[in-house]
Each structure stands twice: as structure tokens, then as C-alpha cells.
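Work through the exercises below with the structure open. Try each task before you read its solution.

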Amino acid sequence: MTVGTASQARTKRRKRLAMSAAAGVMAAGLAVAVAAPAQATTVYNVTSNWWQAYAGLTSTGGEGVFQAEAFLGYDHAFGPRSQYNTQAEVNGFNFTHNAYIWRDGAIWKRAQN
Amino acid sequence: MSNRALFAGMVAATLLVVSGCAGSSGGEADAGRLAPSLKALIDQNLQAKDISDWDRASLEKASKAGRIEQADYAEGMNLFDQCMKSAGFEFTRTELLNGVIEFQPPRGKLSEDEVSAMMKAQSTCSSSTNFYTQDLFRMQQANPDLLSDFSQAAVNCLKKAGIVGDDFTKEEFEKVSGPRDSSEDGYPFDVMDPKAQTCLYSLGYAIKVAPQ
């Protein structure tokens, strides 16, 4: 990814903000889900919208085996299975999206129901 | 505060508290590290109740040697791959620059049931073969200091690989990685560069940019 000029960035940001506002109106119920820490040693977050699907978990270990998964349209990302850190992030644009954290082979947390 | 900044702050605060607790209670881990050494982390993982026979043999060998050999890691990943294929799933396999092997599903429309079947197969195949070995090998290759702060480990790796300059900070990484509002800018480096992907996936970050 390249970084554009300040002017390009401002234009892009304004366009995205306008689209974001439209998305908020058009996609009621597809709100970002931000989860609270599950346990003292484990922090996670799952969220998805038209521009990004993201699932992430960090732990000091010993809390189970986790795997993050995210998809935006036809593009999927599986984080590695880990006790410590698993993150899955897909950036782009699509109306279909979701993100999950799997724990020991079953869905543990999800961004959208 | 953005979701990204909030999440980064939560992670940092939690790991700080956890690290402090480990130190004050006389735990084995150094403050901010998963374990005092790779051998200690291997030995800690050998205590897992659900460890497979293959993983146990692999980690016992690694404990004696003080490191996991590439050939042993590759053997375990091959076993996992064969198991997944037997279950009917063929993933895209990529060998990263440091020898870590990444498996990803092929691009395409997948139903929730299909994904669920894939994830369950991964869980079964991984836990019956090489889960612990692959988890530790990735740490060995990309996080030699065994930092529990994975953002810092990612920054260290990206600097070493020449992807970012020496002035790139953990705070800058946390600002661009993870949850993103549509109004926020993306990575200030080519996140799909093989060197960047090697650092990031090895440390647990599967980051993709969908074709437009």
C-alpha cells in the first residue's frame, strides 16, 4: 500500500466518511461489535463492516487454542491456531462480511449474528 | 477514541498487568515475556494435557536441542496437510521466507457451514498432530525475545526485515493494524510484501487486502 499526499488523503477521508454515514443508514444492525476482555489474561476483539473484517485475540497462554477468522466477500483470512496471538484481517470493500474467534474448534465470538 | 486505539490500549494494559502479576507471584515468565527462554517455553508446553504423541516427541527433542529444527516443523505441517486433505480440504500452502508455512483457504464464496467444517477439521488435524510445535516454531522464528507484547514483536521484526525505518514505533503499528473505521488510513508500508507477511503471519497476524 502506498501513502498518498495530504490532499489526496483528505479527499479520500471525506469520501469514506460520506460512505460510512450512508452505510450506517443502509446497514442498520451491522454495527461494529467490540467485546470486553474475556479473562484477565486474554483480550479479544471482533468487528466487521463494509471495509474491513477483523478478529483478534492475544493471551499469555493456557486459556485454550484459538483461531481468528475474517472474511470480506470472497476473501478469507485464517489466523494461525495459537495459544498466544491470532489475528485475521481482510481489508477492501464488500457488503458481505463477518469475523470470528474460534476456540477449540467451535465459534467462541463473532462480529455479526 | 477509535476502536483500534481502544483495543490496542486494552491489550497493552492487560499484558502489563499480567506481566506484573507473573513477576510478583514468582512465576517462571519474565516480565513481558512468554517464558525466560525458548527451552522453558517448550518445557511449559510439554506439560499440556492434550498434547499429541507426535507433538510430545517433537518437543522432547526440541527441549534437548534448545530449538525446533526446520525439518521437524515441516514434517508436522505435512502431517497436518495430509490430515486436512483426507478430510476433503485443500488449502493454499505458502512457505514464508523464514520457513514458516501458511495455509489459507482458496478465494471464493464459502457458506458458514463450509467454513465451520474447515475450522473443525483444522482443530482435529492440528490437535492430533503438530499444534504445539507449529505454535512454538513461529515464535522461535519471528519472536526470538519471546515478547508477550506482539505489537512490539511485530515492529522489531519489521525493522529487522527493512520494511519500516528505525523510527517506526509500536504506537504507530497499533494505530494502523487491527479494527479500522472506514475513515482511517491503512498501513504506511506494503503489508503484502513477502518480508512483511513473513513477520506478521509468523507472529499470528493474517492480514489480507482484497482485490478491488
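Domain bounds here come from an automatic or database domain assignment. This is a predicted model: local features need pLDDT of at least 70, side-chain atom pairs count only at pLDDT 80 or more, and totals for chains, interfaces and linings use all residues. Residues are numbered from 1 along each chain as its sequence is written, while chains are lettered from A and ligands numbered from 1 in the order in which they are written.

**Exercise 1.** Find the domains of chain B and describe how they meet.

Step 1. The assignment gives domain 1 (36-142) and domain 2 (150-202).
Step 2. Their C-alpha centres lie 24 Å apart.
Step 3. Count contacts (C-beta atoms, placed from the backbone, within 7 Å). In chain B, 8 residues of domain 1 are in contact with 8 residues of domain 2.
Step 4. On the domain 1 side, helix α6 (residues 131-142) of chain B gives the largest share, 3 residues. Helices are DSSP runs of H or I, at least four residues, numbered from the N terminus.

**Exercise 2.** Is Glu114(B) buried, exposed or partly exposed?

Step 1. Locate Glu114(B) in helix α5 (residues 112-127) of chain B.
Step 2. Recall the cut-offs: buried means 20 or more other C-beta atoms within 10 Å of the residue's own, exposed means 12 or fewer, and partly exposed is in between; C-beta atoms are placed from the backbone.
Step 3. Glu114(B) is partly exposed because it has 13 other C-beta atoms within 10 Å.

**Exercise 3.** Which residue with positive phi follows α7(B)?

Step 1. Find helix α7 (residues 150-160) of chain B, where the buried residues include Phe150(B) and Leu158(B).
Step 2. Gly162(B) follows α7(B), with a positive phi near 80 degrees.

Methods
Helices (H or I, at least four residues) and strands (E, at least two) are DSSP runs, numbered from the N terminus. Two residues are in contact if their C-beta atoms, placed from the backbone, lie within 7 Å.
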